[in-house]
Amino acid sequence: MSPTTVKKPATKTRPQTQRPPLWKVILLNDDFTPREFVVEVLKAVFRLNESQSYRVMMTAHQKGACVIAVYTRDVAETKAKEATELGKANGFPLYFTTEKEE
Ligand code: TYC
């Protein structure tokens with residue numbers, strides 16, 4: 001009898017590390033909200049420091065929009081809403097939106 005080689009199926013198990021999808025919070029430019037107010041909102045809601053806030057504000061001011069940070073969906077939506085409402089409460093059209101990170 002000839003020897004038979006039995007091959008195992010070539011499968012590999014890969015550990016699947018599940019990470020929750022992240023959502024970007026995006027600051028949109030407008031013509032009315034004072035620069036200093038935008039900076040204060042970024043510091044208060046997103047915990048950015050003065051220079052980080054200034055850079056994000058200026059990027060939105062010059063390019064139309066700027067990604068502030070990424071969070072889980074719930075946190076991103078809550079922060080965007082809170083920051084938009086702070087503008088509204090002060091009579092400004094300041095707007096923050098969220099977008100899923102690919
Ligand atoms: N463009 C506004 C101004 O000139 C300042 C501003 C910057 C507003 C960024 C919104 O996301 C913004 N007063």
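What percentage of the 102 residues of the protein chain count as buried? The share is 30%, where buried stands for under 20% relative accessible area, with a 1.4 Å probe and protein chains only. Keep in mind that this is a predicted model, in which local features need pLDDT of at least 70, side-chain atom pairs count only at pLDDT 80 or more, and totals for chains, interfaces and linings use all residues. Residues are numbered from 1 along each chain as its sequence is written, and side-chain values use heavy atoms, leaving out hydrogens and water.

Let's start with the overall outline. The C-alpha trace of the protein chain spans about 90 × 25 × 20 Å along its principal axes. Its radius of gyration, taken over C-alpha atoms, is 23 Å, whereas a compact globule of 102 residues would have one near 13 Å; that globule rule is 2.2 Å times the number of residues to the power 0.38.

Now follow the fold. Three helices and three strands make up the elements of the protein chain, in the order β-α-α-β-α-β from the N terminus. These are DSSP runs, H or I of at least four residues for helices and E of at least two for strands.

Because five of its six residues are buried, strand 1 is largely enclosed by the rest of the structure.

Technical notes: Buried < 20%, exposed > 50% of the residue type's maximum accessible area, 1.4 Å probe, protein only.
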